[in-house]
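Look at the charged side chains in the model below and at how they pair. The text then goes through some of these pairs in turn.

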Amino acid sequence: TTATLDVRTIVPRERHPLIFGTFRKLAPGDAFLLVNDHDPKPLHYQLDAEYKGELIWQYLEQGPEIWRVRIGKAG
């Protein structure tokens, strides 16, 4: 099963460090499900810039109230 990281109740300034930390801990081929209250497009750009070629980003649900994104590390 894929771990779920629901950041909707987390203070906004703490969200990105938590998400980056979760991504760093992933083994190649693993993923987690991010649940957010807005489109995390800026996060996508940041992760992609820092982990070029490693990031797998797949929208599973795109609003209007909940966004679910499968974030994985390439195998």
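E61 is partly exposed, with a relative accessible area of 30% (buried is under 20%, exposed over 50%, and partly exposed in between, with a 1.4 Å probe and protein chains only). The side chain of E61 meets that of R68 in a salt bridge, at 2.8 Å from N to O; the term stands for a side-chain nitrogen of Lys or Arg within 4 Å of a carboxyl oxygen of Asp or Glu. R68 is partly exposed as well, at 28% relative accessibility. The model is predicted: local features need pLDDT of at least 70, side-chain atom pairs count only at pLDDT 80 or more, and totals for chains, interfaces and linings use all residues. Residues are numbered from 1 along each chain as its sequence is written, and side-chain values use heavy atoms, with hydrogens and water left out.

The structure holds four salt bridges. Another of them joins D48 and K52, with the closest N and O atoms 3.1 Å apart. D48 is partly exposed at 25%, whereas K52 is exposed at 62%.

R15 forms a salt bridge with D37, where the closest N and O atoms are 3.2 Å apart. This pair links distant parts of the chain, 22 residues apart: R15 lies in helix α1, and D37 in the loop between β2 (31-36) and α2 (41-50). Helices (H or I, at least four residues) and strands (E, at least two) are DSSP runs, numbered from the N terminus. Helix α1 covers residues 12-25. R15 counts as buried because its relative accessibility is 8%, while D37 is partly exposed at 34%. Beyond its neighbours within four places in sequence, R15 is in contact (heavy atoms within 4.5 Å) with V7, R8, I10, N36, D37 and H38.
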